[in-house]
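I opened my notebook to write down what I looked up, one entry at a time. Here is what I was looking at.

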2 protein chains.
Amino acid sequence: MSQKDIRVGVENLEQFCIEVFVATGFSAQAARTQADVLVWADLRGVDSHGVMRIPRYVEWLRSGAMRGDAVPEIASDLGAAGVVEAAQAPGAVAMSFAMNDAMERARAHAIGWTLVRHTTHSGAVGYYAAMAARDQMIGIAVATSRPNMAYHGARAAGVATTPIAIAVPGGPHGMLLLDMSTSALPIGKIRAARAKGEPLPGIVALTADGTPTNDASEAAFPLPLGGPKGSGLSLLLECLTGVLIHNPLLEPALAGSQKGHAQNGLAAAIDIAAFSGVADFEAQIVALAQSIKGLPPAEPGGEVLLPGEPELRESVRRRDGIPIPRKTWLRLMETAQGLGVSPPPIAE
Amino acid sequence: MSQKDIRVGVENLEQFCIEVFVATGFSAQAARTQADVLVWADLRGVDSHGVMRIPRYVEWLRSGAMRGDAVPEIASDLGAAGVVEAAQAPGAVAMSFAMNDAMERARAHAIGWTLVRHTTHSGAVGYYAAMAARDQMIGIAVATSRPNMAYHGARAAGVATTPIAIAVPGGPHGMLLLDMSTSALPIGKIRAARAKGEPLPGIVALTADGTPTNDASEAAFPLPLGGPKGSGLSLLLECLTGVLIHNPLLEPALAGSQKGHAQNGLAAAIDIAAFSGVADFEAQIVALAQSIKGLPPAEPGGEVLLPGEPELRESVRRRDGIPIPRKTWLRLMETAQGLGVSPPPIAE
């Protein structure tokens, strides 16, 4: 933890988040869900998706881009598939609702496939995939948004960084959890390098005028993961979410006819029990995880890590509290003051 | 076309493939399917998945690793999901059967999700995704296999290159078709660089003893796409195919208890008509494709390409015939002779 960081205990931070969201018009339950998704990311060391987002959320709540009191509803019930109309509900509320819906469909049809339209910032999509894994299902979660990543071969943003998460129960840590973007580097890491004055780890971004760069201060948007692979995957995910459910995000933004924050999502669940004994499945995941951990490491004395394992290393934060950079803390306090919410107690 | 290549007309090449496969015990229909999948790849310029595979297939047919007369069957009927027991049937036969099954399930349940076990080399998985797109559905196809790609952070193969294809109908060429592997470079391109004596385009592979290399002649297996992303995605796809349907491929291979060729697969279809008007959907894909094509190109005078577009450029092969390198041709002729099959006529 840097000397500049403020440390806040997890429960106190959660309570603070809940109070902030209730003050902006969330129901108590919606506030709890939104707080849980943000603090979950902080607990995993993914600060870019944690409480630092709160000031921006509050701006969106004021402008109406996010609606704290909106209640997601099933717009189409298609059996194994469903469409959720989120009506600008908080992303955490909409995506949790969608994953619960997908799990219910999976119980009846072996797979549940729930698409979400008109949602807002989903946060860490791994949270929703993990919901399924904790309930003995395989979970898949995707969030799509407006263009914020270069399209391969173009000198402009054409697609979105489109995070994808997949979780399965089993293994030494209770689940394997992959949470990745379709970009060469997450936008959060570009911002972090910029804040630290460090270069990017290679030519992984374009400047605002479309020049490839490793200079974090000049980087406007990331390049896609593996060139045409990352941008192609992102483009196809737009087709099978927004385009399919009458809320395209890329084309209207590129045409200039739609501005402002907008997301769609996918929550899918596969009911392991329909295919296999759950205990058998989990035992096989344990064996697979062991064989991966047993591979010879690239560096002498190194360790081979499972998907989700690096983030679990951060769980010391549960004991010691979440470190919040002073600049983030000041913005949070400003937001809280505007809402009449008291600051959380600071840990030792 | 290199001076060393033999050129064969598409229909003649297909007929030749059919005769080869019938001679090894395929039914006429199975032979047609297998021929179609191989020649489809050649037509798209993906020679690594085309007729050059035939000699290897014939070896597998002789050893019993592939069974030309095996008929895939539904092992579990779970409503929206299904499991196909392929019984070592030719991969093209098993995966086509599975995609037809997924499409039938999608007609009833909006989504169909069909897993395939005990299949053999699937070839170009884009073929199966495209089947769905030709029938106004969204298609997803994945093939999993034994470890042939480095796991991130390890100096050994731990996961598979795991090709993933997604196809949607619409756009200027009738569909958008993404067909990508989870590796930094396909194994076929490593082989091609080796054959030409060229270096790899960067450190994208490990040698047999686990040293990172850009030397194609020393490369034993590719590195994963984007480090932990590619190997994580491959690992999770093993979990939601082989591990789920009682035919794990990675762990038994890493433990040394299972050797020889083995694949599993996933064929999924989403019925657009259940969500949206198909004509509306396709019109939106056209608009999206136009806005992507209209992005400013990275290089002056360059062109921004859609997923599947580079491969379509090769369709001149339909008119001029498929160029077959002389070495591949000689191996094909040897195989044909052993089966008593006549060579196809050579074009001009």
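**Entry 1**

I started with A:Y128, which has 0% relative accessibility and so counts as buried. This is a predicted model, so I kept that in mind throughout. Next I checked A:Y127, and that residue is buried too, with a relative accessible area of 8%. The cut-off I needed here is that buried means under 20% relative accessible area.

Both tyrosines are on the list of buried residues of helix α5 of chain A, along with A:G126, A:A129, A:A130, A:M131, A:A132 and A:A133. The helix runs over residues 126-134, and eight of its nine residues are buried. What covers them? I found that the cover includes α2, α4, β5, β8 and β9 of chain A. Just past the helix, I noted that A:Q136 has a positive phi of about 60 degrees.

**Entry 1: aromatic rings**

I wanted to know how rings sit against each other. A pair of aromatic rings is described by the distance of the centres and the angle of the planes. Over all chains, I get 11 aromatic pairs. One of them is A:F21 with A:Y57: the centres are 6.5 Å apart, the planes make 45 degrees, and the pair is tilted. Where do the two rings come from? A:F21 sits in helix α1 (residues 10-23) and A:Y57 in helix α3 (residues 54-63), both of chain A, so to speak distant parts of the chain, 36 residues apart. I also looked up their burial, and both A:F21 and A:Y57 are buried.

Then I went back to my two tyrosines. The ring centres of A:Y127 and A:Y128 are 5.4 Å apart and their planes are at 75 degrees, so I wrote this pair down as edge-to-face. The angle decides the name here, because planes over 60 degrees apart count as edge-to-face.

Just after α3, A:G64 takes a positive phi of about 90 degrees.

In chain A, α13 covers residues 326-339, which makes 14 residues, and spans 20 Å from first C-alpha to last, close to the 20 Å expected. Its buried residues include A:T328, A:W329, A:L332, A:M333, A:T335 and A:A336.

The buried residues pack against β1, α1, α3 and β14 of chain A. After the helix comes A:G340, with a positive phi near 70 degrees.

I picked B:A269 in strand β13 (residues 263-271) of chain B. Buried or exposed? B:A269 is buried, at 0% relative accessible area. Leaving aside neighbours within four places in sequence, its contacts include B:M99, B:A102, B:M103 and B:I138.

My other pick was B:T161, in the loop between β7 and β8 of chain B. B:T161 is buried as well, with a relative accessible area of 12%. Beyond four places in sequence, B:T161 touches residues including B:N148, B:S181 and B:P222.

**Entry 2: how the chains meet**

Last, I compared the chains. Rotating by 180 degrees, with 0.0 Å of shift along the axis, superposes chain B on chain A at an RMSD of 0.0 Å. The two copies are thus related as by a two-fold rotation axis.

How many residues take part in the contact? I get 67 from chain B and 68 from chain A. About 5800 Å² is buried between them, and carbon and sulfur atoms give 79% of that. B:K229, B:L244 and B:F275 supply 12% of the area chain B buries against chain A, more than any other three residues. I also noted that 100% of the interface residues of chain B are interface residues in chain A too, so the copies meet through the same surface.

Note on methods: Residues numbered from 1 in each chain as written. Chains lettered and ligands numbered in written order. Predicted model: local features only at pLDDT ≥ 70, side-chain atom pairs only at ≥ 80, totals over all residues. Heavy atoms only, no water. Phe/Tyr/Trp six-rings, centres within 6.5 Å; stacked < 30°, edge-to-face > 60°. Helix = DSSP H or I, 4+ residues; strand = E, 2+ residues; numbered from the N terminus. Buried < 20%, exposed > 50% of the residue type's maximum accessible area, 1.4 Å probe, protein only. Least-squares fit on C-alpha atoms with pLDDT ≥ 70 in both. Contact = heavy atoms within 4.5 Å. Expected span 1.5 Å × (residues − 1). Buried area = accessible area lost by both parts, 1.4 Å probe.
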